[in-house]
Amino acid sequence: MLNKIGPFKLVMISAAFIVSVRNLPMLAETGFQMIFFALIAVVVFLIPTSLVSAELATGWPKRGGIYAWVKEAFGDRWGFSAIWLQWIQMVFGMVTVLAFIAGSLAYVFAPALRDNGLWILAVVLAVYWGATLVNFRGLKLSGLISTVCLIVGVLIPAALIIILGLIYILEGNPSHISFTFTAKNLIPKLSDIGNITLLAGIIFIFSGMEVSASHAKEVKNPQRNYPLAILITAILMVVINILGGLSIAVVVPHQQISLTAGIMEAFRIFFTKFNLSWLIPILGLLTGVGAIGQVSTWILGPIKGLLATADNGDLPPALQKVNKDGVPTTLLIIQASLVTFFGLLFAIVPGVNAAFIMLLNVLIMLYVLMYIMMFSSAIRLRYSEPDVSRAYKIPGAKAGMWVISTVGILASLFVLFIGFFPPSQLKIESVLFYRMFIGTSLILMSVIPFIIYHFRKPSWKVEAKMHPKRKRVA
């Protein structure tokens, strides 16, 4: 029992994976209706993904996570496709984080740069390729960087934006949103799909809990404490995101909210109001550095899961190559090249917010495809392998699993549908280009793993066994 962890520690571990100040401007876009959107996201997505992934992680605690679960349920081909989707959506995700970094750093040098596509592209190239080179040395250095960046760039700015917002409101200053608790102010007009398309992005804010599910087997009394920890994490996430989002919405006019630099614009207004303007570049540096730390962490993380498939012969030998530190250099270079390619979107598409939401929707849709596989796998494994011991098991027998997983699948399908509709809150120059980019990216990125799997050879598995250094990073 010495190594078992309690609910509080699990809450801290889970929150560390999914708390980020870069998501606050997206919530601010929805105004006071963010309360409705956040609660919906928690009920139909956060809770189902948390509970289902906990059962899978404690029943099949194998290296590869989603790869092992889907493979166990539906075979090698689908397992490889699931881990591919988890990896490729992170490529799109890193581009959006890098755009946030560019927006934050703009306030260190020249705030007007926040809406400059070439500036964002330059930051994407400099930061990502620099972080990639750092990760060539392995996890030790990048882990230290990530820890420092989390403290100074995420926790401090998050607490500060909430405190400033509360002080601003309590002093009776004018607000750009109404706080009246009426149905019209709280619930969006659901008949207009343009009003609810941001729900896809808000659901994404509450995704990722399957990563922390790997700790479910280490929890004391998991049947009781794991769902309790998830409930506390959900409440914590709602409180932090809503209070932070409201702080931005209160001081930044709706039409001026930037998805890449909204939090810094709020800090600028707050600091000007309280005669603390000298703190603006410091906070810009802190939030930028914090996000750089997250990028450094994610560079190797998703690739570790993808590299695990090499044991099964799913990756060609060229992609299995590692350096003396056991780092998959070829995969890292390919990943950096893809980030560069999608980063070009900011220099091509008019309007930074439009490019941001296009990339965000693609990564969300790829991610929910993976989640559909996860929910389906959980249902299938209840029938195909009912005797496998699970430290945590969703209550209600098979009916309970069907209810929870079906809610998650329906939410995922809904996200896939609304992702093709531009948010009414944003000005999109060409809806046709918007839909063509999202549709083409979704189809192409979903088909590639099946093409790779189709052409795999027995020699790929033999090649994997000949690289002992590769196992050090996987």
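Reply:
**A helix and its surroundings**

Glutamine 33 counts as buried because its relative accessibility is 19%, and the cut-off for buried is under 20%. The model is predicted, and that applies to everything below. Glutamine 33 sits in the loop that joins α2 (24-28) to α3. Which residues does glutamine 33 touch, leaving aside those up to four places away in sequence? They are Lys184, Asn185, Leu186, Ile187 and Pro188.

Helix α3 itself covers residues 34-59. One of its partners is helix α9, residues 198-205. The axes of α3 and α9 come within 9 Å and cross at roughly 60°, which makes α3 oblique to α9. The crossing of α3 over α9 is right-handed. On the α3 side the contact is made by Phe37, Ala38, Ile40, Ala41 and Phe45, and on the α9 side by Leu199, Ile202 and Ile203.

Further along α3 is threonine 58. Threonine 58 is at 1% relative accessibility and therefore counts as buried.

Among contacts with a separation of 6 or more, 82% are between residues 24 or more positions apart. The chain has 474 residues, of which 58% count as buried. There are 20 helices in it and zero strands.

Helix α5 (residues 76-109) packs on helix α6 (residues 117-135) at an angle of about 110°, with 8 Å between the axes. The two are therefore roughly perpendicular to each other. As α5 passes α6, the crossing is right-handed. The α5 residues that meet α6 are Met94, Leu98, Ala99, Ile101, Ala102, Leu105, Ala106 and Phe109. Their counterparts in α6 are Trp119, Ile120, Val123, Val124, Val127 and Tyr128.

Helix α12, residues 262-273, has 12 residues and reaches 17 Å from its first C-alpha to its last, close to the 16 Å expected at 1.5 Å a residue. How many of the 12 residues of α12 are buried? Nine are, and α12 is mostly covered. The buried residues are Gly262, Ile263, Met264, Glu265, Ala266, Phe267, Ile269, Phe270 and Phe271. Asparagine 275, which follows α12, has a positive phi near 55°.

Helix α15, residues 329-343, has 15 residues, so at 1.5 Å a residue it should span 21 Å. Its end C-alpha atoms are 21 Å apart, in agreement with that. The buried residues of α15 are Thr329, Leu331, Leu332, Gln335, Ala336, Val339, Thr340, Phe342 and Gly343.

Methods: Residues are numbered from 1 along each chain as its sequence is written. This is a predicted model: local features need pLDDT of at least 70, side-chain atom pairs count only at pLDDT 80 or more; totals for chains, interfaces and linings use all residues. Side-chain values use heavy atoms; hydrogens and water are left out. Helices (H or I, at least four residues) and strands (E, at least two) are DSSP runs, numbered from the N terminus. The expected span of a helix is 1.5 Å times one less than its number of residues. Buried means under 20% relative accessible area, exposed over 50%, partly exposed in between (1.4 Å probe, protein chains only). Axes are lines fitted to C-alpha atoms, for helices over the stretch in contact, and angles run from 0 to 180 degrees between N-to-C directions. Angles under 35 degrees count as roughly parallel, over 145 as roughly antiparallel, 65 to 115 as roughly perpendicular and the rest as oblique. A crossing is left-handed if the near helix is turned anticlockwise from the far one by less than a right angle, and right-handed if clockwise. Contact means heavy atoms within 4.5 Å.
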